[in-house]
Amino acid sequence: MRKKRGDPSSDRESIILRGATENTNEGFITIDQHHQVIIFNKAAEKIFGYSREEVLGKDLGLILSPECEQGHKQAVSRFLDFREPKLIGHQTEFLTTRKNGERFPLSISFSVSEIEGKFYFTGIVRDLTETKALQEKIAQSERLAALGQLVAEITHEIKNPLIMIGGFARQLSRTVQDEKSQGKLKIIADEVQRLEKLILELKEVYRPQKLTFERVNVNTLLEEIYSLSKEDCKTAQITLQLETHQNPLFVEGDPGKLKQVFLNLVKNALEAMEKGGTLTIHSKRTDNQAEITITDNGPGIPLKDRDRLFTPFFTTKRRGTGLGLSVSKKIIEDHPGGTLGLDSQEGKGTIAKISLPLLREA
Ligand code: ADP
Ligand code: MG
């Protein structure tokens, strides 16, 4: 038996369909043949940033960029004139703009329905921002793996001659008498040392790291960092403060690597405060996390640099390697649930914050 309009099973079907369209993650936008919006579901509101009230009954052009609008109108009129279903049933991807001006990638597939001689066009829209970001991340990790291989080969080739150059420079400086040559040899030895350090750090960034996890008290590590940094701070006229949580903060971590991260951050803070200041190492517990902050009252980080801090080789220092933060981030993120972020205010200072999940004590 065929279903008739008004019969209960057909009503049920349209209620189900309406519920499904309303609650799906895909944006549903239906326009009539005059380009006026007649359906704009919740997901479409979220994707485009317009509320239903703003859009319903309006021309679709309101939410499309001018290029899209023109193409879309052409496709609709081609369909109406020639029944040419150029886009119907196909999925296309393009860039468009949200209400707040943000550009984003989107995929859309079209369908058409005819009711009493009138056509209605529905676009099913998917926001591809996250998909694209994920694809980019995968591509980036592939590039990194290839780069890692290259770095391993190059550093291997460079390391031995470098050690030789440094060794000979130090040997010669013991026999050479005149001051000028002594000075030059010292520069050679210093620069070689810097390059050796760079090579070590490079390896850290590009070679897959093996962490050895154990139960560690973050506070104990911070106390060690405090003792290690005290002298350097004194020389630089920096007051070093240690404020650890009153109870031990046990996490699952690689103590050596974690110390390396804390030292990197303390070093950055120290280097930022050229004119002295206060450096505070602090730990506390929040919910199920140990939170460690390293705060300085140096010059802060200019807005224009903030996106690039964790990019390998980004440095604003004459003799910086630009690898400290990228290595540190990698180490922390290799701890399941760990995060590392920097928060900075120009003219006020910088806070480096690390979060690590606390071990649940038996
Ligand atoms: P490097 O210290 O070798 O420059 P990093 O990766 O450790 O490399 O840091 C990258 C850059 O981030 C630094 O050159 C500096 O511009 C900025 N930066 C990091 N920490 C701070 C801080 N505490 N205050 C100001 N700038 C900072
Ligand atoms: Mg650094």
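Begin with helices H5 and H6, where H5 passes H6 in a left-handed crossing. The model in the viewer is a predicted one. To display this pair, select residues 129–175 for H5 and residues 179–206 for H6. The two helices pack at an angle of about 155°, and their axes lie 8 Å apart. Because angles over 145 degrees count as roughly antiparallel, H5 is described as roughly antiparallel to H6. Colour the residues of this contact by type: 17 are nonpolar, 5 are polar and 4 are charged.

Next, show the whole sheet. In what order do its strands stand? The open sheet consists of 5 strands in the order E2-E1-E5-E4-E3, with antiparallel pairing. Select residues 37–40 and residues 91–97 to see the edge strands, E2 and E3 respectively; each of them pairs on one side only. Viewed from one strand to the next, the twist averages 30°. In general, the strands of a sheet pair through backbone hydrogen bonds.

Finally, move to the pairing of E4 with E5. Select residues 103–115 for strand E4 and residues 118–127 for strand E5. How many bridges join these two strands? There are 10 bridges between E4 and E5, and the two strands run antiparallel. For a last stop, select Ile 108 and look across to strand E5, where Val 125 stands opposite.

Terms used
Residues are numbered from 1 along each chain as its sequence is written. Chains are lettered from A and ligands numbered from 1 in the order in which they are written. This is a predicted model: local features need pLDDT of at least 70, side-chain atom pairs count only at pLDDT 80 or more; totals for chains, interfaces and linings use all residues. Side-chain values use heavy atoms; hydrogens and water are left out. Two strands pair if DSSP finds at least two bridges between them. Helices (H or I, at least four residues) and strands (E, at least two) are DSSP runs, numbered from the N terminus. Axes are lines fitted to C-alpha atoms, for helices over the stretch in contact, and angles run from 0 to 180 degrees between N-to-C directions. Angles under 35 degrees count as roughly parallel, over 145 as roughly antiparallel, 65 to 115 as roughly perpendicular and the rest as oblique. A crossing is left-handed if the near helix is turned anticlockwise from the far one by less than a right angle, and right-handed if clockwise. Ala, Val, Leu, Ile, Met, Phe, Trp, Tyr, Cys and Pro count as nonpolar, Asp, Glu, Lys and Arg as charged, and the others, Gly among them, as polar.
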